[in-house]
Amino acid sequence: MTNDLKESFSADSPPAPAALAAKVRTLAPSMTRSMQRVAEAVAGDPAGCAALTVTGLAELTGTSEATVVRTARLLGYPGYRDLRLALAGLAAHQQSGRAPAVTADIAVDDPIADVVAKLAYDEQQTLADTAAGLDTVQLGAAVAAAATARRIDIYGVGASSLVGQDLAQKLARIGLIAHSHTDPHLAVTNAVQLRSGDVAIAITHSGSTVDVIEPLRVAFDRGATTIAITGRPDGPVTQYADHVLTTSTARESELRPAAMSSRTSQLLVVDCLFIGVAQRTYETAAPALAASYEALAHRHTPRPR
């Protein structure tokens, strides 16, 4: 899709206020340290920052006016004035909503009830952030390509491979030819066989997993339509992606590695992709699903004793 992060997130219509915090969390790791200070300030205190001029925000964050403007544009706003309006909207949204009851990291001595509550809160936030930041134009293009593909190859390793397998089995149940490749050598050798009309999907939270990037590059070179599902829209994997679907994650902690929250957001994206494909191919997808349910029905019927 792109090598230019700024171009990726500069849109004719700026993101809605509710999507701002999600976009900050997604993009902050790839920003310069000075831009991170600006982003963290506006996400942490939208009401306070909305009241500041560009000079005031620059002074507050120890940066320059140019850095503030660049950060605003990176977040998808034409200029600082537009960012201020979004901050005011976000502040109003936060004040009208109920403050979350659970925000702390999981501690080693937390009771299991607290662990459940904290995980539920984090995963809800991750899903909300992913939904807010998901580019539906890119998603629609990915759906259109997959719905008419001769063949779909999916690449992922580690936790991302589980998500890839989930997508592959869903697509197979509606009659599409879809394979999830977890062995990097087999992934590349299969990618060599792809051509125009095929689809290759890479799933990598970091956007820099070599074992996933390599087969996607081969598929891209062979003319297949390529899709990247990643938490880093500026990552190397996007160099070989025609369409990029961005995920969000909760904060990583000692007992909650990135693989846990990234899996949650990735599953949301692949479910959206699957449903979109099923809608487009409904005339064939519905009978295929019915046939698979019928074929497995006897396995869910209790055996007589």
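Asp198 sits in the loop that runs between helix 11 and strand 3. Helices (H or I, at least four residues) and strands (E, at least two) are DSSP runs, numbered from the N terminus. The model is predicted: local features need pLDDT of at least 70, side-chain atom pairs count only at pLDDT 80 or more, and totals for chains, interfaces and linings use all residues. Residues are numbered from 1 along each chain as its sequence is written, and side-chain values use heavy atoms, with hydrogens and water left out.

Asp198 is buried, at a relative accessible area of 0%. Buried means under 20% relative accessible area, exposed over 50%, and partly exposed in between (1.4 Å probe, protein chains only). The side chain of Asp198 makes a polar contact of 2.9 Å with the side chain of Arg150. Such a contact is a pair of N or O atoms within 3.5 Å; within protein, one must be able to donate a hydrogen and the other to accept it, and residues adjacent in sequence count only if both atoms are side-chain atoms. Leaving aside residues up to four places away in sequence, Asp198 touches Arg150, Arg151, Gln193, Ala224 and Thr225. Contact here means heavy atoms within 4.5 Å.

The chain as a whole contains 14 helices and five strands. Of its 305 residues, 44% count as buried. Among contacts with a separation of 6 or more, 71% join residues 24 or more positions apart.

The five strands form an open sheet in the order 2-1-3-4-5, with parallel pairing. Two strands pair if DSSP finds at least two bridges between them. Strand 2 (178-181) and strand 5 are the edge strands, each pairing on one side only. Neighbouring strands are turned by 15° against each other on average, direction ignored. Axes are lines fitted to C-alpha atoms, for helices over the stretch in contact, and angles run from 0 to 180 degrees between N-to-C directions.

Strand 1 (residues 152-155) pairs with strand 3 (residues 199-204) in the parallel sense over four bridges. Ile154 has Ile201 in strand 3 as its bridge partner. Helix 11 (residues 184-191) packs on the sheet and touches strand 1 and strand 2. The direction of helix 11 makes about 150° with that of strand 1.

Strand 4 and strand 5 also pair in the parallel sense, over four bridges. Here Ala228 is partnered by Val244 in strand 5. In a regular strand the side chains alternate between the two faces of the sheet. Both faces of strand 5 are covered. His243 and Leu245 are buried on one side, and Val244 and Thr246 on the other.

By the ring criterion, the count is one aromatic pair. Rings of Phe, Tyr and Trp (its six-membered ring) pair if their centres lie within 6.5 Å; planes under 30 degrees apart count as stacked, over 60 as edge-to-face and the rest as tilted. Phe220 and Tyr240 form this edge-to-face pair, at 6.1 Å centre to centre and 65° between the planes. Phe220 belongs to helix 12 (residues 210-221) and Tyr240 to the loop between strand 4 (225-230) and strand 5 (243-246), so the pair ties together parts 20 residues apart in sequence. Phe220 is partly exposed, at 33% relative accessible area. Tyr240 is partly exposed too, at 22%.

Asp135 caps the N-terminal end of helix 9, with a side-chain oxygen 2.9 Å from the backbone nitrogen of Val137. Buried residues in helix 9 include Leu139, Ala142 and Val143.
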